[in-house]
Amino acid sequence: MLKVSQITKRYRKKTVLENIDFTLQSGDIVGLVGENGAGKSTLLKILATLEKPTVGTVTLHDKSYIKDRREIRKQIGFVPQDIAIWEEFTVAENMRYFEKLSWKNKTDTQLQKICTDMNLFEWNTPVKVLSGGMKRKLNMAISFIHDPSLLLLDEPTVGIDLKSKKEINQYLLHQAKHLGKMIIYTSHDMDEIVHLCDRVICIGKDPFYVELLKEIKKEIIVF
Ligand SMILES: Nc1ncnc2c1ncn2[C@@H]1O[C@H](COP(=O)(O)OP(=O)(O)OP(=O)(O)O)[C@@H](O)[C@H]1O
């Protein structure tokens, strides 16, 4: 279980997040929405241990984000907005490189399976000739090498075609509903949010989003 308790984040005098409070259980998929600059990425970075909250606490499986940081990190798969992979390497070489940096050892067969489960079959192809959608899939596959229980994804399907988007969403649904992963996902695509997420968290109280969210039949939390 992920428990986020009364998180506030300030940069100097600017308050970006205020009193964010929610929990996630195994198998939950939560969508994070809000206007540009609302604080979605900031919240994801806090949950990925890359930023610290100014006020508030976070626990994952009853472990503290402050005291048990090393253990917590092993449980987190963070997919940032920017793609960070080696363009000159093949898919296989990228997967092997990041496996070496990971705390879990994986065989080539296991690494390849992570890719094929995402419908990424170009194992020996250099990344520089892959499409944008394929690169996004590889970026995600790398973040999941160590079998994290909490997946944090910052706009993972931005700028990719409908087919790849659908494949990525199918993959994430499987990860949550069959393997019990917890997923927090940001997107500006409301159809995708409706299709994929059990609950929606709206950051920033922007009236446009608040009104839009009233139309969808999901549990909505507004901060
Ligand atoms: N390191 C930082 N120092 C100061 N201000 C920051 C820092 N990181 C983010 N901010 C500010 O915090 C606010 C929230 O930014 P954030 O990137 O979390 O928004 P977002 O909701 O993810 O936006 P987008 O939809 O455009 O990705 C912005 O005003 C941003 O300028």
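Hi everyone, let me begin with how strands are counted: two strands pair if DSSP finds at least two bridges between them. Strands themselves are DSSP runs of E with at least two residues, helices are runs of H or I with at least four, and both are numbered from the N terminus.

A word on the source. This is a predicted model, where local features need pLDDT of at least 70, side-chain atom pairs count only at pLDDT 80 or more, and totals for chains, interfaces and linings use all residues. Residues are numbered from 1 along each chain as its sequence is written.

Now, the sheet. Arg199 has Glu219 of β10 as its bridge partner. Strand β9 (residues 199-202) runs parallel to β10, and four bridges join them. That pair belongs to an open sheet of six strands with parallel pairing, ordered β6-β7-β8-β3-β9-β10. At the edges sit β6 (76-79) and β10 (219-222), each pairing on one side only.

Which strands does helix α6 touch? Helix α6 (residues 162-177) packs on the sheet against β3 (29-33), β7 (150-154) and β8 (182-186). Contact here means C-beta atoms, placed from the backbone, within 7 Å.

On to the ligand. Among the residues around it are Tyr11, Val16, Asn36, Lys40, Ser41 and Thr42; a residue qualifies if its C-beta atom, placed from the backbone, lies within 6 Å of the molecule. Helix α1 (residues 40-47) gives the largest share of that shell, three residues.

Finally, the end C-alpha atoms of residues 2-222 are 18 Å apart, and that span is 35% helix and 25% strand. Thanks, everyone!

Notes. Contact = placed C-beta atoms within 7 Å. Axes fitted to C-alpha atoms, helices over the stretch in contact; angles between N-to-C directions.
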